[in-house]
Amino acid sequence: MLQYSVTRDIAAPPERVWAILSDARRLEDGFGITRIDGTLAPGATIKVWSEISPGRAFPVRVTTYTAPARMVWTGGMPLGLFRGIRTFTLVPLPGLGARFTMEEVFSGPLSGLIGRSMPDLQPSFETFATALKRNAET
């Protein structure tokens with residue numbers, strides 16, 4: 001199983017952080033995402049293009065959308081051969097703001113093979129978390 005994660009404490013209320021996190025257009029500016037087609041909403045299917053792989057769209061479904069606490073994007077191949085689940089979580093930190101965590105877990109019978117051909121996603125996770133923190137705190 002291949003996994004990436006990042007956590008940031010953000011000096012802003014979870015509702016402010018969620019307003020950014022759930023706005024597809026805002027995520028296209030400095031978050032390592034170049035384009036999102038679709039709306040971030042419960043059950044929605046979106047396509048995501050990233051700076052790390054600009055020529056390829058990643059179709060995902062918003063499988064969980066619980067404002068202002070948790071959003072999950074699920075994508076992959078048919079029959080569960082390869083699956084990626086990206087989870088965004090906000091936990092209130094009383095008197096401080098919110099703790100943001102983004103995690104992606106890749107699984108399935110082809111995850112080992114596909115994982116070896118994937119670039120390291122940790123730098124893009126760091127970019128995303130840093131951009132979210134900067135945007136929410138200003």
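Set aside its neighbours within four places in sequence, and Ala129 is in contact with Val6, Arg8 and Phe100, where contact means heavy atoms within 4.5 Å. Take Arg8: along the sequence Ala129 and Arg8 are 121 residues apart, yet in space they are 6.5 Å apart, C-alpha to C-alpha. Ala129 is buried, with a relative accessible area of 0%; buried means under 20%, exposed over 50%, and partly exposed in between (1.4 Å probe, protein chains only).

A quick word on what you're looking at. This is a predicted model, so local features need pLDDT of at least 70 and side-chain atom pairs count only at pLDDT 80 or more, while totals for chains, interfaces and linings use all residues. Residues are numbered from 1 along each chain as its sequence is written, and side-chain values use heavy atoms, with hydrogens and water left out.

Ala129 lies in helix H3. Helices (H or I, at least four residues) and strands (E, at least two) are DSSP runs, numbered from the N terminus. In H3, the buried residues are Phe125, Phe128, Ala129, Ala131, Leu132 and Ala136. They cover an arc of only 160° around the axis, so they sit on the same side of H3; the arc is that of the directions from the helix axis to the C-beta atoms. What do these buried residues pack against? Their partners are strand E1 (2-10), helix H1 (14-21), strand E2 (33-37), strand E6 (83-93) and strand E7 (97-107).

Now hop over to H1. Its buried residues are Pro14, Val17, Trp18, Ile20 and Leu21. These, too, cover an arc of only 160° around the axis, which puts them on the same side of H1. Their cover includes E1, strand E4 (53-66), E5, E6, E7 and H3.

Next come the charged pairs. Side chains of opposite charge can pair when their charged atoms come close. Here a salt bridge is a side-chain nitrogen of Lys or Arg within 4 Å of a carboxyl oxygen of Asp or Glu, and the count comes to six. One of them joins the side chains of Arg99 and Asp9 (2.6 Å, N to O). Arg99 lies in strand E7 and Asp9 in strand E1, so this pair ties together parts that are 90 residues apart in sequence.
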